[in-house]
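This report goes through one structure by region. The sequence and model come first, and the description follows.

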Amino acid sequence: QVQLVESGGGLVQAGGSLRLLCVASGRTFTSYLMGWFRQAPGKEREFVAVISRSGSQTLYADSVKGRFTISRDNGKNTVYLQMTSVNPEDTAVYYCAATDRYGYTSRPLRQSDISSWGQGTQVTVSS
C-alpha cells in the first residue's frame, strides 16, 4: 500500500487561503486516484475532491466547487489542495486518500473506495 503524509493545515481567517500537501511513498504514485476528504467535529467524513491518475480530470463536492483546487505533481509524488475563500464551515480534519480499487472521477469517492489514508491535518477557519 502507499503511505500518505499530509501537511499544511493550520489556523486561517475567513476569506483567506491555505494549501494542503500530501506526499506519497511506497508504491507507484501514478497507479492511484488521489482525493481529499474532511471530517468536522460530530460529523461524518465527507468527500471533498478527487483527481485522476494523470491529473487531467477532477471532481469536487458542491460545497467547495469554485473555491478549492486539487492538483498533483507525479514527479514529486504529491497531491495538493488549494483552498481559497474559506469560511468557518470548512473547519475540519482534512484527510488525503488514495485508491487503486477505483479509477474514475465520474462520481465522488466513497470511503469504501479508499485503500490508503493519511493521518489527517487540522484546518481551522476563524470568523
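In which loop is the place of D113? D113 sits in the loop between β9 and β10 (116-117); strands, like helices, are DSSP runs numbered from the N terminus, with at least two residues (E) for a strand and at least four (H or I) for a helix. The model is predicted, with pLDDT of at least 70 needed for local features and 80 or more for side-chain atom pairs, while totals for chains, interfaces and linings use all residues. Residues are numbered from 1 along each chain as its sequence is written, and side-chain values use heavy atoms, with hydrogens and water left out.

Leaving aside neighbours within four places in sequence, D113 is in contact (heavy atoms within 4.5 Å) with T99, R101, Y102, R107 and P108.

**Nonpolar core**

The largest nonpolar core has 38 residues, and M34, W36, V79, L81, M83 and Y94 have the most contacts inside it. Strands that each supply at least two residues of this core include β4 (33-39), β8 (78-83) and β9 (92-99). Such a core is a set of buried Ala, Val, Leu, Ile, Met, Phe, Trp, Tyr and Cys residues joined through side-chain atoms within 4.5 Å. In soluble globular proteins, nonpolar side chains tend to be buried together. Beyond four places in sequence, M83 is in contact with G16, S17, L18, L20, R67, F68, Y94 and V123.

R38 lies in strand β4 and, at 6% relative accessibility, counts as buried. The side chain of R38 makes polar contacts with the side chains of S63 at 3.5 Å and D90 at 2.9 Å. Among the residues that R38 touches, not counting those up to four places away, are E44, E46, F68, E89, A92 and Y94.

A40 is in the loop between β4 and β5 and is buried, with a relative accessible area of 19%. Leaving aside neighbours within four places in sequence, A40 is in contact with T91 and A92. The C-alpha atoms of A40 and D90 are separated by 8.1 Å, although the two residues are 50 apart along the chain.

**Largest pocket**

The volume of the largest pocket is about 150 Å³. R38 and A40 are among its lining residues, together with P41, K43, E44, E46, P88, E89, T91 and A92. A pocket is an open set of points on a 1 Å grid over the protein atoms alone, where a 1.4 Å probe fits, with protein on both sides within 12 Å along at least five of seven lines; lining residues have an atom within 4 Å of a point. Its volume is the space filled by probe spheres set on the points, which are joined across faces, edges and corners.

How values were computed: Buried < 20%, exposed > 50% of the residue type's maximum accessible area, 1.4 Å probe, protein only. Polar contact = N/O pair within 3.5 Å; in protein donor to acceptor, adjacent residues only side chain to side chain.
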